[in-house]
Amino acid sequence: MGTIATLTKCGRAAIAKAIAANPVYLAWGSGLEEWDNMGDADLPSLLDRKSLYNEIGIRRASVVGFCEPADTGDIVVPIGMGADGATVETARYMQMPDPTPYLYIKAAFDFGDAANAVIREIGLFLSTEPKAELPPGQMYFTPDEIAKPGDLLAMQIVRPKILRSPAVRQILELVLPI
């Protein structure tokens, strides 16, 4: 056989649909201070990571859905920094009702979640299991409240770092191309 199978857009949408059918959690952590002084090319590869470097907490996503690229979409996510180091490059997406190869995840962290922490990394987890004795409806968990951390689906080093303020409700949105 001379060719390799191609994962189709329909197949990618099916994978996104399977992921969305499960509880999805967004974790954040302090990462490593040395990242603050590194260029993008010097940052470590995240390909083989199974956990964050220094997880602070994890929140169940409030929105898990589908989207697609759209010039006028209301989902705006950062994709990089401009050459000047001060401007943020973004991509726009529009939420879609049917599965697409683009998974949209949103987590609205509360005021007290990781108050005054420095955030340098985020991770998307599946199959996370909080401890059974915790109150029903609890959505944010510290590492000691997790029975099984689950599987790290995606990870990102946050540039520039986020300085958490208890006066700000942090909302993180991700678009994961499948």
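In the predicted model, Asp-36 and Lys-161 form a salt bridge in which the closest N and O atoms are 3.2 Å apart. Because Asp-36 belongs to the loop between E1 and E2 while Lys-161 belongs to strand E11, this pair ties together parts of the chain that are 125 residues apart in sequence. Lys-161 is partly exposed, its relative accessibility being 37%. Asp-36 is likewise classed as partly exposed, with a relative accessible area of 33%.

Asp-36 also forms a salt bridge with Arg-120, and here the closest N and O atoms are separated by 2.9 Å. Arg-120 is situated in strand E7 and Asp-36 in the loop between E1 and strand E2 (55-60), so the contact ties together parts 84 residues apart in sequence. Arg-120 has a relative accessibility of 7% and therefore counts as buried, the cut-off for this class being under 20% relative accessible area.

A further salt bridge, with an N to O distance of 2.7 Å, is formed by the side chains of Asp-113 and Arg-59. This pair links distant parts of the chain, 54 residues apart: Asp-113 lies in the loop between E6 and E7, and Arg-59 in strand E2. Both partners are buried, Asp-113 with a relative accessible area of 7% and Arg-59 with one of 11%. Through salt bridges that share partners, Asp-36, Arg-120 and Lys-161 are joined into one network. In total, the model contains 4 salt bridges. In general terms, side chains of opposite charge can pair when their charged atoms come close.

Helix H1 comprises 12 residues (residues 9-20), and at 1.5 Å a residue it should span 16 Å; the distance between its end C-alpha atoms, 16 Å, agrees with this expectation. The buried residues of H1 fall within an arc of 115 degrees when seen down the helix axis, so they line one face of the helix. Ala-13, Ala-16 and Ile-19 are buried in H1, whereas Cys-10 and Lys-17, on the other side of the helix, are exposed. An α-helix has 3.6 residues a turn, so residues three or four places apart point the same way. The elements covering the buried residues of H1 include strands E1 (24-29), E3 (63-69), E6 (102-108), E7 (118-126) and E11 (151-163).

E6 runs antiparallel to E3, to which it is joined by 5 bridges. Within this pairing, Leu-103 of E6 is the bridge partner of Phe-66. E6 is also joined by 7 bridges to strand E12 (residues 171-177), and these two strands again run antiparallel. Here the bridge partner of Lys-106 is Glu-173 in E12. E6 is accordingly paired with both E3 and E12.

Technical notes:
Residues are numbered from 1 along each chain as its sequence is written. This is a predicted model: local features need pLDDT of at least 70, side-chain atom pairs count only at pLDDT 80 or more; totals for chains, interfaces and linings use all residues. Side-chain values use heavy atoms; hydrogens and water are left out. Helices (H or I, at least four residues) and strands (E, at least two) are DSSP runs, numbered from the N terminus. The expected span of a helix is 1.5 Å times one less than its number of residues. Buried means under 20% relative accessible area, exposed over 50%, partly exposed in between (1.4 Å probe, protein chains only). The arc is that of the directions from the helix axis to the C-beta atoms. Contact means heavy atoms within 4.5 Å. Two strands pair if DSSP finds at least two bridges between them.
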